[in-house]
Structures are given as structure tokens and as C-alpha cells.
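Subject: Structure handover

Hi,

Here is the structure we talked about. Please open it alongside this note; my findings follow below.

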Amino acid sequence: MMRLRVMLLLACMLGLASTAGADTAVRVQTALHEGEVRVSFQVTDAVSDAVRAAIQSGLPTTFAYDVVLQQPSRWWFDRTLAYMRLSAVVRFDNLTRRYQITFIEDGRVEEVRTTDDERKAVEWLTNFHGRRLSSHRLEQGGEYHVRVKAQTRPRMLGWAWPWTAGAALGSASFRFRP
């Protein structure tokens with residue numbers, strides 16, 4: 001009986017882990033504005049049925065984004081020039097039928113928005129525009145890339161599955177020309 005339970009648990013874990021994030025993509029765009037690197041990104045299909053159910057239950061759900069500006073290197077690891085951690089935490093109030101979204105940048109609360117429109121809430125959770133990533137001095141003609149890793153929390157199986165199969169990745173490369 002115990003063996004059957006273990007096999008069922010493993011089958012569920014493998015099934016959920018293999019489908020987590022399968023259709024999710026991150027579209028990344030960069031822009032240079034007055035010597036600053038600005039990044040915009042959009043996550044498509046980030047709100048699965050499981051995530052939607054967790055939100056509708058009132059469970060605070062976090063959409064976390066790790067944004068990294070790097071300079072490629074031929075002989076060693078890419079050099080990290082800037083890093084930013086963005087989070088959007090959504091809480092659904094079942095009594096008022098409203099979504100409260102708290103935006104956090106590098107551990108600081110930046111803004112709180114509320115809406116009763118689910119589509120608007122999803123848009124706020126998955127679209128970020130013109131975020132200042134770096135004012136680091138870039139080399140003229142240098143090549144750079146921005147990578148965005150997106151995850152939702154709580155993750156199903158987060159306690160038992162060591163890999164982050166639910167993460168979605170996106171990147172954009174650019175050459176600096178002042």
C-alpha cells in the first residue's frame with residue numbers, strides 16, 4: 001500500500017512538473033533612455049487554471065521576476081552589470097470581489113492597486129513597461145543582453161520538487177550605440 005502511494009505521488013509530481021510553464025513565454029524588450037537601460041516585458045499564459053484557482057481562493061499569490069543585465073564573455077561567465085527583483089502579489093477578497101495587487105521592487109513596496117476586473121488584474125501581474133534597470137556606464141559598441149526569469153508562488157510541489165520547472169525565461173540582446 002505504501003509503495004502504491006509513493007508511485008502515485010511520483011507520477012503526480014512528474015506530470016505537474018512537466019506541464020508547469022509549458023506554454024508560458026516571456027517577451028523582453030530593451031530601450032536606452034538618457035544613458036539608462038530600460039526593460040519592458042510581458043509574460044504570456046502565466047495564469048494557469050491552478051494559479052487562477054489559488055488566486056480565487058484568496059491565497060496570496062506572488063508573480064516574481066528576476067531581471068539581469070549582462071555583458072557576454074567569450075572565456076568566462078557573462079559579467080552581471082545589474083540585477084532587479086520585481087514581484088507582484090495579488091490577493092483576492094471574496095467578500096468585495098476585488099483584487100489587490102502590491103508591486104515590490106528589490107524588497108520595497110512601490111505601489112498598491114485594486115480592481116474588480118480579473119483581466120485587468122492579470123495584465124498588471126504580467127506586464128511591466130519601461131522599468132529602469134541600470135544607469136551603469138556601457139561601452140560604445142558593446143554587446144549586452146537582458147534576461148528575465150518569471151515564477152509564481154506558491155508553486156505546487158515546491159516542498160518536494162527541487163527544480164524550478166514552473167519558471168519561464170525570456171531574453172533580449174542589444175548593442176550599445178549612444
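Is Arg113 buried, partly exposed or exposed? Arg113 is partly exposed, with a relative accessible area of 28%. The classes are buried (under 20% relative accessible area), exposed (over 50%) and partly exposed (in between), with a 1.4 Å probe and protein chains only.

Some ground rules. This is a predicted model: local features need pLDDT of at least 70, side-chain atom pairs count only at pLDDT 80 or more, and totals for chains, interfaces and linings use all residues. Residues are numbered from 1 along each chain as its sequence is written, and side-chain values use heavy atoms, with hydrogens and water left out.

Confidence
The mean pLDDT (the predictor's confidence in each residue, from 0 to 100) is 79. Of the residues, 79% reach 70 or more. Where pLDDT is low, the predicted coordinates should not be read in detail.

Salt bridges
The structure holds 9 salt bridges. Each is a side-chain nitrogen of Lys or Arg within 4 Å of a carboxyl oxygen of Asp or Glu.

- Glu111 pairs with Arg113 at 2.9 Å, N to O. Glu111 is partly exposed, at 35% relative accessible area.
- Arg85 pairs with Asp66 at 2.5 Å, N to O. This pair links distant parts of the chain: Arg85 is in strand β4 and Asp66 in strand β3, 19 residues apart. Asp66 is buried, at 13%, whereas Arg85 is partly exposed, at 22%.
- Glu118 pairs with Arg52, with the closest N and O atoms 2.6 Å apart. This pair also links distant parts of the chain, from helix α3 to helix α2 (residues 49-56), 66 residues apart. Glu118 is partly exposed at 28%, and Arg52 is partly exposed at 30%.

Helices (H or I, at least four residues) and strands (E, at least two) are DSSP runs, numbered from the N terminus.

Helix α3
Helix α3 spans residues 118-126. Asp117 caps its N-terminal end, with a side-chain oxygen 3.2 Å from the backbone nitrogen of Arg119. Ala121, Trp124, Leu125 and Thr126 are buried. The buried residues of α3 pack against β2 (36-44), β3 (61-71), β4 (79-93), β5 (98-105), β6 (108-115) and β7 (127-134).

Best wishes

Definitions and conventions: Contact = heavy atoms within 4.5 Å. Polar contact = N/O pair within 3.5 Å; in protein donor to acceptor, adjacent residues only side chain to side chain.
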